[in-house]
Amino acid sequence: MTIPSFGVGTFRLSGQTVIDSVHNALDVGYRAIDTAQIYGNETEVGQAIEESGIARADLFVTTKIWTDNYAKDKLIPSLLESLNKLRTDYVDLTLIHWPAPNNGVPLPEFMEALAEAKAQGLTRQIGISNFNIALTQQAIDVVGKGQIATNQIELSPYLQNRTLTAFLKEQGITVTSYMTLAYGKVLTDPVLAEIANKHRATVAQVALAWALQLGYAVIPSSTKRENLCSNLLAKELALDAEDMARIATLERNGREVSPKSLAPEWD
């Protein structure tokens, strides 16, 4: 089992907007879709998937368990509810959305419940999101090495997280990058613009290609069909060593998302 390198995200999309986005993404060639319980759009995502007519076996669907559902008597029932909304018997990947270190549910409890969901066939793979090194190690200790498919973390040219990503690579855990465009902030970066001009590409394509070349999976979202198509072309863009070195200099610890009580102490 592997994590697809390129998927479409649905964060902050709802109603007809997310239905149209997923319709368009599937129509232009995406086969991996990322959602979450807290996004409030699993029902619409499920509708769009069903209406696409694409065989379920050809899709890779990810959802994330919200913090309210971490207790062992809540996690699997909440996942069953997600499956009902998504109109599927299983998801390909289920993540713990945030470590939420102070929410009253110990990490071993929710990781064991997540592993049980996999054992029951409700999810093909399990993983984590927004975990630092220490918490990732704790999760590995609970479910075993090789069981955590990915850690989905915020990464962009402005937040390169080299210590954590190196640790994840050592552990054989795929890195999934979200917020790769830093809420669009990287799109006006002059260095990235120069690299884009050099390759006759867009800045978004450069940022996504950077993450892909580092071995990360990416899940950009868009409400525009043309942007979904354009982003997908990042898979064909080959940055050279000079490009990658220049992007490496853009690190500025530019974190965009770190909610109180949910986030860990970042590495």
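Arginine 252 sits over the face of tyrosine 158, at 3.6 Å from the ring centre. A charge counts as over a ring if NZ of Lys or CZ of Arg is within 6 Å of the ring centre and within 35 degrees of the ring normal. Arginine 255 lies over the face of tryptophan 266, at 3.8 Å from the ring centre. This is a predicted model: local features need pLDDT of at least 70, side-chain atom pairs count only at pLDDT 80 or more, and totals for chains, interfaces and linings use all residues. Residues are numbered from 1 along each chain as its sequence is written, and side-chain values use heavy atoms, with hydrogens and water left out.

**Aromatic pairs**

- The structure holds five aromatic pairs (ring centres of Phe, Tyr and Trp, its six-membered ring, within 6.5 Å; planes under 30 degrees apart are stacked, over 60 edge-to-face, the rest tilted).
- Phenylalanine 11 and tyrosine 39 make a tilted pair, 5.3 Å centre to centre with 50° between the planes.
- Phenylalanine 11 lies in the loop between strand S1 (8-9) and helix H1 (15-28), and tyrosine 39 in the loop between strand S2 (32-34) and helix H2 (42-52), so the pair ties together parts 28 residues apart in sequence.
- Helices (H or I, at least four residues) and strands (E, at least two) are DSSP runs, numbered from the N terminus.
- Phenylalanine 11 is partly exposed at 36% relative accessible area, while tyrosine 39 is buried at 16% (buried is under 20%, exposed over 50%, partly exposed in between; 1.4 Å probe, protein chains only).
- Tryptophan 98 and tryptophan 266 pair edge-to-face, at 6.3 Å centre to centre and 70° between the planes.
- Tryptophan 98 is in the loop between strand S4 (91-96) and helix H4 (107-119), and tryptophan 266 in the segment after H10, so this pair links parts 168 residues apart in sequence.
- Tryptophan 98 is buried at 5% relative accessibility; tryptophan 266 is partly exposed at 25%.

**Largest pocket**

- A pocket is an open set of points on a 1 Å grid over the protein atoms alone, where a 1.4 Å probe fits, with protein on both sides within 12 Å along at least five of seven lines; lining residues have an atom within 4 Å of a point.
- The largest pocket has about 720 Å³ of space (the volume filled by probe spheres set on the points, which are joined across faces, edges and corners).
- Its lining has 35 residues, with Phe11, Met179, Tyr183, Ile219 and Ser221 nearest the centre.

**Second largest pocket**

- The second largest pocket has a volume of about 260 Å³.
- H6 gives the most to its lining, with four residues.
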